[in-house]
Amino acid sequence: MAPPSPPQTPPSSVVIVLFLLFSTALLCESRLSLDYYSKTCPSFTKIMQDTITNKQITSPTTAAGALRLFFHDCLPNGCDGSILISSTAFNKAERDADINLSLPGDPFDLIVRAKTALELACPNTVSCSDILAVATRDLVTMLGGPYYNVYLGRKDSRVSSASSLEGKLPKPTMSMSQLINLFSSSGFTVQEMVALSGAHTIGFSHCKEFSSNISNDTHYNPRFAQALKQACSGYPNNPTLSVFNDIMTPNKFDNLYYQNLPKGLGLLESDHGLYGDPRTKPFVELYARDQNKFFQDFAKAMQKLSVYGIKTGRRGEIRHRCDAVN
């Protein structure tokens, strides 16, 4: 009886074809595009625009809050919507880390509203991370800021841990070297860091983030320092007290933030550092005199940030609710 034939090895051409098919499938699954939802959720753009407009009209601080929320989601571990997940009895999520406790509620509410409307129209289709990315861009534009493309197709993270944020988000008390190193570790240049800092042209900061420096920091304009002391005088009894980051045009996205810094009108220690450090000062001066250049560089940096560390394909999921994993 003849011995059984050894298993046949597929021809190399078949192996190559199978490899190419598999690689193409992975590529298609993970590719981002501007029209990602054009067929699976045709009403995506209209639902987002309606929800964003209604929320911003009723709560004008939503735009600044969303910009900060987006930044706190993306810079530490990538734009994956992990900041939106609520804590449980078994896990302290990112949104409850000390550095995130001051994040305002309006942008969270906006994401919930948008997700609810999208789930009704296109169930289990649109990711929470895509919702946050588009909402941030549209809100910046509504306040007069630059438009930039947001590529879609992100998947949401399945995990969120407060401990994962340690040392990955900037603090107002950090030195300029610490801030530069933090951004550099995520692949951002000094100029991109200064451009992204222009987000402080809108929004506000709580008194606890700067009040201890007012008397000791000589970079403050004296009259501005006195006004800040008065504004924050009740801070020990009312920790919610806050001051606009840009006292000149707090609800307009422009370049006045940079123009304020040489005048001693920066609010945070890190703001003063941008103008005081020779590595960052030239970019502050550039953006102070040229708003178009600021808008151009801010848009590029935001587009780069919006795809930083994203999850695609099987590395993430489409959450049914933005505040909880499936």
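Buried means under 20% relative accessible area, exposed over 50% and partly exposed in between, with a 1.4 Å probe and protein chains only. By this rule Asp246 counts as buried, at 0% relative accessibility. The views below show a predicted model, in which local features need pLDDT of at least 70 and side-chain atom pairs count only at pLDDT 80 or more, while totals for chains, interfaces and linings use all residues. Residues are numbered from 1 along each chain as its sequence is written, and side-chain values use heavy atoms, with hydrogens and water left out.

View 1. The chain is divided into domain 1 (43–165) and domain 2 (176–307), with bounds that come from an automatic or database domain assignment. Their C-alpha centres lie 23 Å apart. In contact, meaning heavy atoms within 4.5 Å, are 22 residues of domain 1 and 21 residues of domain 2. The two domains bury about 1800 Å² between them, 75% of it on carbon and sulfur atoms; buried area is the accessible area (1.4 Å probe) that two parts lose on being put together, summed over both. On the side of domain 1, Leu75, Leu143 and Tyr148 lose the most area to domain 2, together 28% of what that side buries.

View 2. Across the interface of domain 1 and domain 2 the rule finds 0 salt bridges, a salt bridge being a side-chain nitrogen of Lys or Arg within 4 Å of a carboxyl oxygen of Asp or Glu. Between the domains, 2 residue pairs are in polar contact, both at pLDDT 80 or more. A polar contact is a pair of N or O atoms within 3.5 Å; within protein, one must be able to donate a hydrogen and the other to accept it, and residues adjacent in sequence count only if both atoms are side-chain atoms. Helix H3 (62–77) and helix H5 (128–142) are the elements that give two or more residues to the side of domain 1 that touches domain 2. The largest share of that side, 8 residues, comes from H3. Helices (H or I, at least four residues) and strands (E, at least two) are DSSP runs, numbered from the N terminus.

View 3. The UniProt annotation "binding site", from an unreviewed entry, covers Asp73, Gly78, Asp80, Ser82 and Glu94. Although spread over 22 residues of sequence, they cluster in space, with a largest C-alpha distance of 12.6 Å. UniProt positions are given in the numbering used here, feature names are shortened, and annotations may be inferred rather than shown by experiment. Asp73 is placed in helix H3 and counts as buried at 1% relative accessibility. Its side chain reaches the backbone nitrogen of Ser82 at 3.1 Å. Glu94 is found in the loop between H3 and helix H4 (105–121), and is buried at 2% relative accessibility.

View 4. A UniProt "binding site" annotation, from an unreviewed entry, covers Thr201, Asp246, Thr249 and Asp254. These residues are spread over 54 residues of sequence yet cluster in space, the largest C-alpha distance being 9.8 Å. Thr201 lies in the loop between helix H7 (190–197) and strand E1 (204–206), and is buried with a relative accessible area of 0%. Asp246 is in the loop between strand E2 (242–244) and helix H9 (256–260). The side chain of Asp246 reaches the backbone nitrogen of Met248 at 2.9 Å.
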